[in-house]
Structure formats: structure tokens, C-alpha cells
Amino acid sequence: MVEKTLHYFNDSTARTVYVTDIEFPYPDGELIVSRTDTNGIITHANQVFVDISGWQREEIIGAPHCILRHPDMPKAAYADLWATIQRGERWMGYVKNLRKDGGFYWVYATVLPNIRQGKVIGYSSIRRKPCRNQVAEAEALYAAMRAQEGSHV
């Protein structure tokens, strides 16, 4: 297990995480579903999300969605995600998520703003099993983006 420090894209906060090279296989035929408020605080998580993340439901609900952020994900990917959904648009992309035990899992994520009476009240995220060829492309792209960011965390 390796200790790494994550620095978030939108402020100066940081946290220490522990990572391993152990990939948790995404279960066939399942969807991960979660909802957050407009600040990214998790308000709903389906059982697949609970199971694959390694967190207990009571630990996830009320936590910031960034608890899943893996240090291999570039800050620019999250900056793009937030900018897109805050404009009221759908964001899609490949994401390497961090499990509670330090392992990881890849997803193909679709994030949508939840709009009621013309106002964004939160966000929904639906994740599905990613194509391995696309994961390989995302790994290469994200490594290049991290190198540009100078954030070899």
C-alpha cells in the first residue's frame, strides 16, 4: 500500500489516501447509481455502489463524492466534469475510482444535473462497466494530463 496526497482542483484542500494496485472487477450487468446535492455530497447510493466502493452505506451518505477520487485521475478531468454539469449539461467519461481499501475500479460514468422548476438541485451519476480498450486509452490520456499538471501524486 502506498500513501499519496490528493490536491483538489477547486481549492487548496488536500487529503492523504492509501492506494494499492488491486483492481476490483466491475460486476457484469450492473449499474452504479448515486445522487448528490449541488456541492457533491452523496444523498443516495444503490447497493452496487456500496458493494463496489467498499464503504458502508452510512459512511457514504453525507460524504463528498470525491472520497472516490483516485490519485491517478487528473484534476482537469474533474474540472471539466464540474464545469459541464454546472452549465446544466450531461458529462460522460471514464473514471478510475478509489475503493475504501485502497484498491480501484474503472467505470464509464454519465453525470446529469437534476433540474426542478428550472433550477439545478443536485446531480445523478450512472456508471456502467467500461470497455477495456477505452480504459487503456483513458489511462494513457490521464497519465499525459497528470504530467502536464505536474501532479505526480
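What percentage of the 153 residues in the protein chain do buried residues make up? Buried residues make up 42% of them; buried means under 20% relative accessible area, exposed over 50%, and partly exposed in between (1.4 Å probe, protein chains only). This is a predicted model in which local features need pLDDT of at least 70 and side-chain atom pairs count only at pLDDT 80 or more, while totals for chains, interfaces and linings use all residues. Residues are numbered from 1 along each chain as its sequence is written, and side-chain values use heavy atoms, with hydrogens and water left out.

**View 1. The protein chain has 4 helices and 7 strands.** Helices (H or I, at least four residues) and strands (E, at least two) are DSSP runs, numbered from the N terminus. Their order along the sequence is β-β-β-β-α-α-α-β-β-β-α. The C-alpha trace spans about 45 × 30 × 30 Å along its principal axes. Of the contacts with a separation of 6 or more, 51% join residues 24 or more positions apart; contact means heavy atoms within 4.5 Å.

**View 2. Arg-132 forms a salt bridge with Glu-23.** A salt bridge is a side-chain nitrogen of Lys or Arg within 4 Å of a carboxyl oxygen of Asp or Glu. Here the closest N and O atoms are 2.9 Å apart. Arg-132 lies in helix H4 (residues 132–149) and Glu-23 in the loop between strand S2 (14–19) and strand S3 (32–36), so the pair ties together parts 109 residues apart in sequence. Arg-132 is partly exposed at 46% relative accessibility. Glu-23 is partly exposed too, at 32%.

**View 3. Asp-28 forms a salt bridge with Lys-129.** The closest N and O atoms are 2.3 Å apart. This pair links distant parts of the chain, 101 residues apart: Asp-28 is in the loop between S2 and S3, Lys-129 in the loop between S7 and H4. Asp-28 is exposed, with a relative accessible area of 61%. Lys-129 is partly exposed, at 43%.

**View 4. Arg-87 pairs with Glu-89 in a salt bridge.** Their closest N and O atoms are 3.2 Å apart. Arg-87 counts as exposed at 52% relative accessibility. Glu-89, at 37%, counts as partly exposed. The structure holds 6 salt bridges.

**View 5. Gln-117 has a positive phi although it is not a glycine.** The angle is about 50 degrees. Gln-117 sits in the loop between strand S6 (104–116) and strand S7 (119–128). The residue is exposed, with a relative accessible area of 86%.
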